Amino acid sequence: MMDSKKILFHADDFGRSSQISKKILECLKFGSLNSVSVIVNHDQESLVELKKLKNIHIRLHLNLTEIPKSEDDNHNFLYDLNLLKLMFLNKKDKEKVFVEIDKQIKKFIKIFEPEKLRIDGHEHVHLVPWIYKYVKKKFDVYEMRNSNENLMTPRFQDIINIRYLRNFVGCIYIKLLCLLNKVNKFNSPKFSGLLYSGIQDSSTIKKTLRYFEKQKIKNFEILVHPGFAGTQEKNLFKKKYYNFYISDKRKKEYDLCFSEEIKKKFELNILNEKN
């Protein structure tokens, strides 16, 4: 059963690089952040540091689009994947992805020893129909992110913002995937964060909080991306990803986690349950 009230101020991408993890850890230790999704196939030391923290809501961030490059032939195939390619893989290639999914889930369980398995997906890969079906059938998943975000009424500055319009299209695409999958709630709090991905600020956070309050939604997560890469880590990313991880927008979202105004707006729960 869903907790009577669960308010998550959540960050994705922990573990993607040492610097990204360091910044998210700071937000967890000293800021308002209380929830995080973890990539397990990149930076390893940060995972040990995260495990030491108490009362943090932790999920596996299933990563199939930024696989580390290696000499292994299977990894070379995985390294070139993106969300579009995942949608149209043949049966043989799907089997290669299943091996990687199993590996990541087992590694997450081994490191964090969760009593309940919680999962979401890097770039929402967990909602690709055949991946969603596989994970749902094979693993005892207690919570899986339902990325079907409610579309709040846009502000004037939103409808003239190219990034917002792109995010809006992304939301519609995710809604179609959820419809295809017949996604259930999987004990997931109501999700918000794709619509304002890359443009979160104090006003968008407060707008979202007002919306949830008006809708009388008590269990929800608001996604931010406060982890940003260092220039010395450029070789760890494909070009398009590096530009995203190094952007000033991420640094602004990092600052959001330390905003006293935002901290007061959130009635943050202390999560007494084990991960």
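Where is the place of T153? T153 sits in the loop between β5 and α7 (156–159). Here, helices (H or I, at least four residues) and strands (E, at least two) are DSSP runs, numbered from the N terminus. T153 counts as exposed, at 66% relative accessibility. Buried means under 20% relative accessible area, exposed means over 50%, and partly exposed is in between (1.4 Å probe, protein chains only). From T153 to D248, the C-alpha atoms are separated by 26 Å, and the two residues are 95 apart along the chain.

A quick word on the ground rules. This is a predicted model, where local features need pLDDT of at least 70 and side-chain atom pairs count only at pLDDT 80 or more, while totals for chains, interfaces and linings use all residues. Residues are numbered from 1 along each chain as its sequence is written, and side-chain values use heavy atoms, with hydrogens and water left out.

**The sheet**

Now look for the strands. There are seven of them in an open sheet, and the order across it is β5-β4-β3-β2-β1-β7-β6, with parallel pairing. β5 (141–144) and β6 (190–192) stand at the edges with a single partner strand each, so one side of each has no neighbour in the sheet. From one strand to the next, the twist averages 35°. Angles run from 0 to 180 degrees between N-to-C directions, and the axes are lines fitted to C-alpha atoms, for helices over the stretch in contact. As background, strands of a sheet pair through backbone hydrogen bonds, either parallel or antiparallel.

Let's zoom in on β1. Strand β1 (residues 6–14) runs parallel to strand β2 (residues 35–38), and three bridges join them. In β7, K6 has N219 as its bridge partner. How well covered is β1? It is mostly covered, with nine of its nine residues buried.

Over in strand β3 you will find I58. I58 is buried, with a relative accessible area of 2%. I58 and S37 are 21 residues apart in sequence, but their C-alpha atoms are 5.8 Å apart in space.

**Salt bridges**

Side chains of opposite charge can pair when their charged atoms come close. The cut-off for a salt bridge is a side-chain nitrogen of Lys or Arg within 4 Å of a carboxyl oxygen of Asp or Glu. How many salt bridges does a search of the whole structure find? The search finds 19, and here are some of them.

| Pair | Closest N and O atoms |
|---|---|
| E26 and K23 | 3.7 Å |
| R59 and E143 | 2.9 Å |
| K263 and E260 | 3.8 Å |

Take R59 and E143. R59 lies in strand β3 (residues 57–62) and E143 in strand β5, so this pair ties together parts that are 84 residues apart in sequence. Both R59 and E143 are buried. They also belong to a network of salt bridges that links D12, R59, R118, D120, E143, R145 and E221.

E26 and K23 are both in helix α1, three residues apart, which is about one turn of the helix. E26 counts as buried at 18% relative accessibility, and K23 counts as buried at 14%. K263 and E260 are three residues apart in helix α12 (residues 260–265), about one helical turn. K263 counts as partly exposed at 31% relative accessibility, and E260 counts as partly exposed at 49%.

**A nonpolar patch**

Last stop: the surface. L151, F168, V169, I172, L176 and L179 make a nonpolar surface patch of about 540 Å². Patches are made of residues with over 30% relative accessible area and no salt bridge, where like charges are joined within 9 Å and nonpolar side chains (Val, Leu, Ile, Met, Phe, Trp, Tyr) within 5 Å. Accessible areas come from the Shrake-Rupley method with a 1.4 Å probe, and for residues only the protein chains shown count as cover. F168 is found in helix α8 (residues 162–181). F168 is partly exposed, with a relative accessible area of 34%.

Key
Pairing = 2+ DSSP bridges.
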